[in-house]
Amino acid sequence: MRRLGLRARVSAGFAVGALLLAASMALVSYELTRRSLLDERERTALRAAYFDAAVVRSGLDTEQPDIVEVLRSLDTGGNRRPLLHRGDDWYGRTADTGLTAAVPQELQQLVRAGAPAVQRVQVNGQPTLLVGVPLAPSISYYELTSLRELDHTLQVLALALTAVAIMVAGSGAALGWYATRHSLRPLTAVADAAQKIAAGNFTARLASTTDPDLARLSTSFNDMVDQLSRRIERDRRFAADVSHELRSPLQTLAAATSVLANRRDRLDERTATAAGLVADEITRFQRLVNDLIELARSDQAADRAPVDVVVLARRTCQARRLPDTLVQAAEDLGPSWLVDERRFAQILANLVDNAERYGGGPVAVRLSRQGGTGIVEVDDEGPGVPVGDREAIFDRFVRGRAAHSRAAGDGTGLGLALVAQHAAAHGGRVTVGDRPGGGARFRVELPGALP
Amino acid sequence: MTGVLVIEDDDRIRLALLLALEDEGYTVRGAATAEEGLRMQRRDPADNVLVDLMLPGLDGFECIRQLRRDDDVPIVVVSARDDTHDIVAALEAGADDYVVKPVAVKELSARLRALRRRTRGAAPPVPVFTCGELEISPDAGEVRRAGRTVPVTRTEFRLLCELAEHAGRVLSRQQLLQRVWGYDTGDERLVDVHVGRLRQKIEDDPGNPRHLVTLRGLGYKLHR
């Protein structure tokens, strides 16, 4: 289940709190009102019943009294209905003696024993107050007072109180929503600032505040951003300094070895060999420095622009004195791919160099597409890459097993790692598999290269 | 024998470049600061200037600007910095080419030779080209706009001639690199920045060019 947001939870909390408060208040007031109304009603009914009982008693004092007539003579209004119980007979104003069933046995016994009694009962589904008054040892007078009006009043009251409780809960939720909007505003500001910073704008800061509760948040947030941008700037400067400090002496070495190389024939054999070693290693060191600097820039996004990849691939081959007929372009290739030209050129160059170094030279450089994804494949006829090494060869400073046996690899060990990094910068990947007929096939997928 | 002025504060790099370029047949002089280099160039102009960007006192960018103010000597930046920002800033200041250290002396020499070819008026003889109020006379080596001479560097002039020769047709950045700079492969930013500098000089509104237009993904075209 998805968790609710902070604001929704706070509002819900406010609503529940308000509802609980309002509901308990409503319950208490309902109960108090109900009790007092009932008590009053009971007292009234009791008084009326005693009065009526007195009238009936005096009516029964005559010879041959007509009980029904006596009962009819009572002024009971529409709410009260009298009943007389004499011996085993019941008397009412009308033949309707269905009322008699409503008088519980326990109450009858109680009244017959000489004690007046009050009880609430249901008569034909109507709430009714039953009052029993003993008149004589075998005569009991009962009066049934309908509580329908009271019940109705209580229902209206309950309805009103429920409505009020719901309204209070709604207001609570609204208050919570409103209050959180204000109290969460600083968080929104933090989120906005963080978003700007993530997008690379390191000048974004929270506005300073005098609110003691928020001052700490904004101060520590701004301090954090300050530190972060200082660190990033320091890293950037460090990378720039390192590249500068490494490249400057390399320039001296490159120029000096060129002077040595020009005089090779004037050096004795041992010196010439040593000079040659120095020159070779300087070349390798230069490549290593360039690859390392390139790897250090891994966080930069691909700078895509339309590139004629076929021309670029042919140029890559020509620059290595390889026939440009190695390049095979699919027919549906399109005039250009939307890729980062510098990175794409390095992908091609490093794969071709890799094939030359460890695979006996490339036998095909294929460019094709699969939907919007541009695909580069470089085949060689070398020993191939063992299945267990197929992921590790894209790690830094890992060279093929063939290179170890040859012991003289002039690669930097970073070429394929850079290919993987450049592919990833395009949202793609590089894999290696078997070429049908022997050898390795490197495959780079570059999504978004074609519309 | 052509003279090369190397403005480089690192003594060892300067000495090594001096030795290596002399081996390549150049007459080389070195200057340790921009001020010294500017003085030497004024007194006895070299045919090419190599300049480092990080120099004590006057920095490389300002040095390029001041060299450019005096004449149109081909300037090649030799710097350890390879930020796009630095490269573009140096080219905009007026440099003709940019190489990142360490550069092989053979390559540096090839670039200097290419610049020399370009600056010896090797432009093919083409008739005077006019385009609106713009007038290019390749033989005279002059660009006029509304009758007034526009000062352009030799590289800018070659670029403009190349575009004028193929007026109405698109030239890709690689084609321009080959024809103007003589590189088989190279940094296309060279072309972009030089086109930008040309626009500043020949367009009424460089941000919205009418003569020298960009065709996205294809290259540049000079309208007839």
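Helices here are DSSP runs of H or I with at least four residues, strands are runs of E with at least two, and both are numbered from the N terminus. By that count, chain B has eight helices and eleven strands. You're looking at a predicted model, so local features need pLDDT of at least 70, side-chain atom pairs count only at pLDDT 80 or more, and totals for chains, interfaces and linings use all residues. Residues are numbered from 1 along each chain as its sequence is written, while chains are lettered from A and ligands numbered from 1 in the order in which they are written.

**Chain B and its helix 3**

- Of the 224 residues in chain B, 42% count as buried (20 or more other C-beta atoms within 10 Å of the residue's own, with C-beta atoms placed from the backbone; 12 or fewer is exposed, and in between is partly exposed).
- Take helix 3 of chain B, residues 60-70: its buried residues are Gly60(B), Phe61(B), Cys63(B), Ile64(B) and Leu67(B).
- Looking down the axis of helix 3 of chain B, you'd find those buried residues within an arc of 160 degrees, so they line one face of the helix (the arc is that of the directions from the helix axis to the C-beta atoms).
- The cover over them includes strand 1 (3-7), helix 2 (34-43), strand 3 (48-51), strand 4 (75-79) and helix 4 (84-93) of chain B.
- Glu62(B) also sits in helix 3 of chain B, but Glu62(B) is partly exposed, with 14 other C-beta atoms within 10 Å.
- The C-alpha atoms of Glu62(B) and Ala93(B) are 7.6 Å apart, although the two residues are 31 residues apart along the chain.

**Two helices in chain A**

- The axes of helix 6 (residues 269-296) and helix 10 (residues 415-425) of chain A come within 10 Å and cross at roughly 25 degrees (axes are lines fitted to C-alpha atoms over the stretch in contact, and angles run from 0 to 180 degrees between N-to-C directions).
- That makes helix 6 of chain A roughly parallel to helix 10 of chain A (under 35 degrees is roughly parallel, over 145 roughly antiparallel, 65 to 115 roughly perpendicular, and the rest oblique).
- Where they meet, Asp291(A), Glu294(A) and Leu295(A) of helix 6 touch Ala417(A), Leu418(A) and Gln421(A) of helix 10 in chain A (contact needs C-beta atoms, placed from the backbone, within 7 Å).

**Where the chains touch**

- The contact takes 19 residues from chain A and 16 residues from chain B.
- Helix 5 of chain A gives the largest share of the side of chain A that touches chain B, 13 residues.

Technical notes
Two residues are in contact if their C-beta atoms, placed from the backbone, lie within 7 Å.
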